[in-house]
Amino acid sequence: MTTILRLPADPADVTVPALLHRNAADHPDLPALSWHADQAPRWTTLTWAQVRTRVLRLAAALAGLGVHRADKVLMMMPDIPEHWLCDLALVHLGAVPVSVYNTASPDQIRHIARHSGAGIALLDGPEEAARWEAVLADTGSRVSRLFTVRPGTPFPRIAHLERTGGDVAAVEAAWRAARATDLLTVVYTSGTTGDPKGVAITHRAVLANALALDGATDLPDHVAHVCYLPFAHIAERMLGIYLPLFRAGHVYLCPDPAQLGAVLRDVHPVQFFGVPRIWEKLAAAVRTALEQAPRDRREAVAAAGAVAVRYQEQAERGEQPGEELAAAYRAAREEVLAPVLALGGLDRVEHASSASAPLPPSVREFWAGFGIRIMDAWGLTETMGVATTNRPGAFRAGSVGRATDGIEVKLAADGEILVRGAFVTSGYVRADGGLDPVADADAWFATGDVGRLDDDGFLWLTDRKKELIITSQGKNVSPALVENALKAHPLIGQAMAHGDGRPYLVALLVLDAEAASAWAAARHIAGTPAELAAHPQVAAEVAAAVRTANATLNRSEQVKKYLLLHREWSPESGELTPSLKLVRRVLVRRYAEELDALYADGRSPRSRPRA
């Protein structure tokens, strides 16, 4: 837990601008924000003192545009410095920044623009501006001005705005007048089950969550964070903006998740948060590299991995590994595993975590074999992100840990998880600016997730209440359980189980392109991903993988038929949320004909080169 960072007041009364003021005063020369400018090979870095100067200047310019306290301003930008700095600038005015997913559909953009009542939108470049011009013409929206980071639009540039100047003294007065109970931001849920809801986020709730998360980890002071998830998601808001402010940390911006591997190799972070799909893709990249390594190297890694797993298993049981095992693990880690991890920039990771969806056991076990113990956590936008987490001194593999400080957890009669505490949102923001409470009369918030609590207080997730499959025989099935069993084989990168109201389960499977390429090359098979998905040997291996998965499941959970696809689902196509969770309604609608065919008279499992 961070100990050297002085808080300027009672933590319950601290605001985000006060944290920035403290960092600039106490740690003016420490690095705060780094990014690659215009594809430059080296990082551009601002210190905390420089960040505060830039933020005050931007805030003064925004005030000059007529942005006032409580005004909402929309932002659609990737993880670039303008997004990060403008967010803090708006907060200094008492305004409310609202980040919109870059992958948002026109209907979602229009809904958020109307619902928020914002008058200004800050955008990245021509692609975003083209999508927002319709909002300017929408009589139901108040958005009247657009500003962009990149050139190529008829709208003013944010860089020019920053140079216009303004009354910095007025900004200083504005942020000092802020209260911890003020609205800090509104985070619109990603809308997996309908129109996005605007979750109210206050300074006080964010700081309470930061204190809880800091207490659940043992990280070095001023720790670095690789920021690659959208700022429209609560996880990156906490990890990439608010926690670094609290810890006076160092944020490395990665605007394109496809470049995450390159950034990790540059930074070699001590902590890393990855949603399950990211951990899966990183594991696939390591497997691909090992497939191409000499046999003696692969055998050395396997032997070292077995030692790491034994060491991790004892630690998870709360046992102190013996000196012989501890020595063997240190040697395995330093001599064999760390050099492999270093190739991907993960050799210095001390705290690895995951949330957003269940982490497949096979992925957790893979990383345990490299000495990386992934701490599963759980929470929602409505809980400022993490509400429960595993931690080094209290870990149970497969669970999402115990409640963090300031949060209580209990189960309803049907297993739905209920929470209450210091950082549960005060409500959903209405279009008129009021709040619709989320909790009942006793302050319990019904999360929509289903789980169980063990005798030691560890929470185990079952599934989303609305996503449970109920077969025509009345059997309740967790799709996540089935999907994770299917994804245990490296060739299967993504999976969706289906069968609500049907006699049995079927599945859509997506071939992992990287793993399939390495697997095929080792067997002297050539072809595009589409050709590999249709290749008889690949089909036979996938069929065996499904049989292996079914052997771990009960009869009602087993997949009877499936379809193998080759094109990966993505947020851009609308099939995943920006945090890489399945949008089931989109997949069911998009593949309705194929799913129906899997239930048609006796058709066998198959693969096809469908995009």
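In what order do the 4 strands of the open sheet lie, and is their pairing parallel or antiparallel? The order is β16-β17-β20-β21, and the pairing is antiparallel; strands here are DSSP runs of E with at least two residues, numbered from the N terminus, and two strands pair if DSSP finds at least two bridges between them. At the edges stand β16 (407–411) and β21 (459–464), each of which pairs on one side only. Neighbouring strands of this sheet are turned by 50 degrees against each other on average, direction ignored, with axes taken as lines fitted to C-alpha atoms.

This is a predicted model, in which local features need pLDDT of at least 70 and side-chain atom pairs count only at pLDDT 80 or more, while totals for chains, interfaces and linings use all residues. Residues are numbered from 1 along each chain as its sequence is written, and side-chain values use heavy atoms, with hydrogens and water left out.

Within the sheet, strand β20 (residues 445–453) is joined to β21 by 5 bridges, the two running antiparallel, and V450 stands opposite D463 in β21. In the loop between β21 and β22 (469–470) lies K466, which counts as exposed because its relative accessibility is 68%, the cut-off for exposed being over 50% relative accessible area and for buried under 20% (1.4 Å probe, protein chains only).

Elsewhere, S34 belongs to strand β1 (residues 31–36) and counts as buried, because its relative accessibility is 0%. Leaving aside neighbours within four places in sequence, S34 is in contact (heavy atoms within 4.5 Å) with residues including W43, T45, H250 and Y252.

How values were computed:
Axes fitted to C-alpha atoms, helices over the stretch in contact; angles between N-to-C directions.
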